[in-house]
Number of protein chains: 2
Amino acid sequence: MKIGLVGLGLIGGCLGLDLRASGHSIYGVARRKETCAQALAAKVVDEASIELASLQACDVVFVCTPIAKIVPMVRQLAQVLPPEAVITDVGSVKGSIVEAATQEWSRFVGGHPMSGKSEAGIEAAERHLFQGNSYVITPLEEANNAARLKTDGGAIKIIEQLAGELDSVLYHCSPADHDRAVAWISHLPVMVSANLIRSAVNEPNDTVRQLAQHLASSGFRDTSRVGGGNPELGLMMAQYNRDEILRSLRYYQQEITALIEHIEAEDWPRLAATLAETKKARPQFVEN
Amino acid sequence: MKIGLVGLGLIGGCLGLDLRASGHSIYGVARRKETCAQALAAKVVDEASIELASLQACDVVFVCTPIAKIVPMVRQLAQVLPPEAVITDVGSVKGSIVEAATQEWSRFVGGHPMSGKSEAGIEAAERHLFQGNSYVITPLEEANNAARLKTDGGAIKIIEQLAGELDSVLYHCSPADHDRAVAWISHLPVMVSANLIRSAVNEPNDTVRQLAQHLASSGFRDTSRVGGGNPELGLMMAQYNRDEILRSLRYYQQEITALIEHIEAEDWPRLAATLAETKKARPQFVEN
């Protein structure tokens, strides 16, 4: 297939490397000529341009821009692509994107390859980033959106095929279920973790704060890791998944209040039961 | 020196291995004969017994029991040790221990070697567990305790020497400062992390909860790790460092409320500033 990539950052770069190795012809579009040159040099793409019109012969286009630019980009692509082309995206929220993008382009398929690494940019691109990781496809059904749209079945099959070529583990769900699930396992952890750092660093006693900074080790390291990451990413989650992140934060806050009450009341059997439950529940989410 | 170890679990076992290699004679006491046999077989100790009286010739005794048993054990040791012997402990809270233990034994020194691993018990003991890790000594000064006690300077020097032989990084602080600092970097993370698991697993929609369980990956794994650990340890923190854990949880709760308010108000500049601050603050605690 002729596959277009709009946005040649980490995800676009990794898609290019794997799909090119899989035998497809890859056409990249970036905002800057320097990125196009980097992509060609790194063999991420066969051709690269700063012009969207360079994608006019593509069968499939992956929009790999920041979330805010996905729907506007689909609108622009609609001016240059042939009507049978499939457009998909890689955004980490779906509710605010899939319906709007499908109104711009009927053969749009919402997608979320759940892979990443701490480095950003095309220079961090590598083979097999998606291997063994989840790739969520979020088709619209008439019943799950206000505009009664339904994602094209043939278009879904094409994205499923490509996700299979990446050796990803495929999941299908509604955009709303996706956003609620990632609020729990991806967005809430960022807020919880950031709030831990913020609380500790605001210790007013200098001696205690400096001691805490010296003594912090693996427990603090792990719990604070995602909260100390890219602030733009955290902001984006809150902006584009606002309702779900608020829902999960409010529930989390209630549970913190309950925890404080148990400790205040010295209700140790209750606290012991809570901690035993969390130990038992964690393996339902992650292995180790 | 003749060094006694009361409690032959992970920490007692590791102390025995390193201090024995350092040339000391190690006398172990465990509750069960099987543990004594294991300790002898693993060369953790030179002699092992279920009788405290076996420690009567020791220069230094490390109390490596669970926190609740430290002060009662010091009281029992006071019946068998020579008056010049030094007693120290390895408990992870200090305020509730050091003053009471010093009233039982004037040459008591509070200590907290901040090392651990996920496995427990003497069979997990290994050399060099303490190497490069913090070892906090928490002497009493007349000004920092109600009973106007002062930890014996000669006793402190002996524990400093032994901590040095373990290649630990030494810190000195008051028991109160220790407990406040570890509340931030060790105890609060456990509660924050446990509460994340508890919140996510209580998602009432089965489809969403199962999807979250499938999609959880490194972010959730890291943020939930210490909350999914040994429930007895979490309970012990809350029981023995209750005031400080409540203080840190209440502050954390206020900050969660502020975070919710920023997101509700769509105050994105404020949220962006908060997340930028946490990114900047994290390296003051941990390197990566």
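**Entry 1: a pair across the chains**

I looked up A:Arg242 and found its side chain in a salt bridge with the side chain of B:Glu266, at 3.3 Å, N to O. A salt bridge here is a side-chain nitrogen of Lys or Arg within 4 Å of a carboxyl oxygen of Asp or Glu. The pair crosses between chains. A:Arg242 sits in helix H10 (residues 242–264) of chain A. B:Glu266 lies in the loop between helix H10 (242–264) and helix H11 (268–281) of chain B. Helices (H or I, at least four residues) and strands (E, at least two) are DSSP runs, numbered from the N terminus.

I noted the ground rules next. This is a predicted model, where local features need pLDDT of at least 70, side-chain atom pairs count only at pLDDT 80 or more, and totals for chains, interfaces and linings use all residues. Residues are numbered from 1 along each chain as its sequence is written, chains are lettered from A and ligands numbered from 1 in the order in which they are written, and side-chain values use heavy atoms, with hydrogens and water left out.

Are these two residues buried or exposed? A:Arg242 is partly exposed at 21% relative accessibility. B:Glu266 is also partly exposed, at 43%. Buried means under 20% relative accessible area, exposed over 50%, and partly exposed in between (1.4 Å probe, protein chains only).

**Entry 2: another crossing**

I then checked A:Arg247. Its side chain meets that of B:Glu203 in a salt bridge of 3.0 Å, N to O. This pair runs from helix H10 of chain A to the loop between helix H6 (175–201) and helix H7 (206–215) of chain B. A:Arg247 is partly exposed at 25%, whereas B:Glu203 is buried at 1%. I also found A:Arg198, B:Glu255 and B:Glu277 joined into one network by salt bridges that share partners.

**Entry 3: the interface**

How many salt bridges cross the interface of chain B and chain A? I count twelve. Over all chains the count is 32. In contact (heavy atoms within 4.5 Å) are 86 residues of chain B and 86 residues of chain A. The two chains bury about 8600 Å² between them, and carbon and sulfur atoms give 67% of that. Buried area is the accessible area (1.4 Å probe) that two parts lose on being put together, summed over both.

**Entry 4: chain A**

I finished with chain A. Its secondary structure comes to eleven helices and nine strands. Of its 288 residues, 55% are buried. Its C-alpha atoms fill a box of roughly 70 × 45 × 30 Å, taken along the principal axes.
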